[in-house]
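Let's take a walk through this structure together, with an eye on its charged pairs and its strands. Have the model open beside you as you read.

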Amino acid sequence: MGKRTDGIAVRKAYMTDVDAIRRLVMTHAERQRMLPRSLRQIYDNLRNFYVGVNGQGEVVGCGALQVSWKDLAEVKAIAIRSDVQGKGLGRSLVETCLAEAAELKVPRVFVLSFVPEFFEKLGFHRIDKNDLPHKVWTECVDCPLFPECGETALAIEIPLTDATRV
């Protein structure tokens, strides 16, 4: 297990976590706090996901880092179960994704969010969606809300230390 926050450990997702990830995502999608993801999308991208697991072994949060281009990655699908919100798990999941971006030497990470204030607290700043490369929109084309989903684009620069530049 990786980083711990208030008794919840963050780790890479397993195949056995897919249903729990989908439930978390769809709960937030129903509340219009994120876009829905199909089971296929979750399975196709499972290697990108991290989960927060409580002491009973339940998945109570999730998030993913998707590499988009040679110098750009996206934080996606940050979803936290309502009974553990406000305890730092969302921050831990985002920080874990950003740490992976640094390990991969990706200098910039963006997010598309209906809750931009959360990401601004973590150092992200608002950007114009049109400044993102077209490759980013490949998933959006299949979305029922495309082209006007209402998500806000934000980005953060990843400081690449000498250790991460090697």
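Start at Arg-81, whose relative accessible area of 26% makes it partly exposed (buried means under 20% relative accessible area, exposed over 50%, and partly exposed in between, with a 1.4 Å probe and protein chains only). Its salt-bridge partner is Asp-83, and the closest N and O atoms of the two lie 2.7 Å apart. A salt bridge here is a side-chain nitrogen of Lys or Arg within 4 Å of a carboxyl oxygen of Asp or Glu. Asp-83 is also partly exposed, at 45%. Salt bridges with shared partners link Glu-58, Arg-81 and Asp-83 into one network.

A word on the ground rules: this is a predicted model, where local features need pLDDT of at least 70 and side-chain atom pairs count only at pLDDT 80 or more, while totals for chains, interfaces and linings use all residues. Residues are numbered from 1 along each chain as its sequence is written, and side-chain values use heavy atoms, leaving out hydrogens and water.

By the salt-bridge rule, the count comes to nine. Two further pairs are worth a visit. Asp-17 and Arg-11 form a salt bridge with their closest N and O atoms 2.7 Å apart. Asp-17 counts as buried because its relative accessibility is 4%, and Arg-11, at 10%, counts as buried too. Now turn to Asp-44 and Arg-40, whose side chains meet in a salt bridge at 3.1 Å, N to O. These two are four residues apart in helix H2 (residues 39-44), so about one helical turn separates them. Asp-44 is exposed at 52%, and Arg-40 is exposed at 62%. Helices (H or I, at least four residues) and strands (E, at least two) are DSSP runs numbered from the N terminus.

Next, find strand E4, residues 59-69. Is this strand mostly covered or mostly open? Eight of its eleven residues are buried, so E4 is mostly covered. E4 pairs with strand E3 (residues 49-53) in the antiparallel sense over five bridges; two strands pair if DSSP finds at least two bridges between them. Within this pairing, Val-51 stands opposite Cys-62 of E4. Five residues lie between E3 and E4 in their hairpin, and Gly-57 in the turn has a positive phi of about 85°.

E4 also pairs with strand E5 (residues 72-80), again in the antiparallel sense, over seven bridges. Here Ala-64 has Lys-76 in E5 as its bridge partner. The hairpin that joins E4 to E5 runs through two residues.
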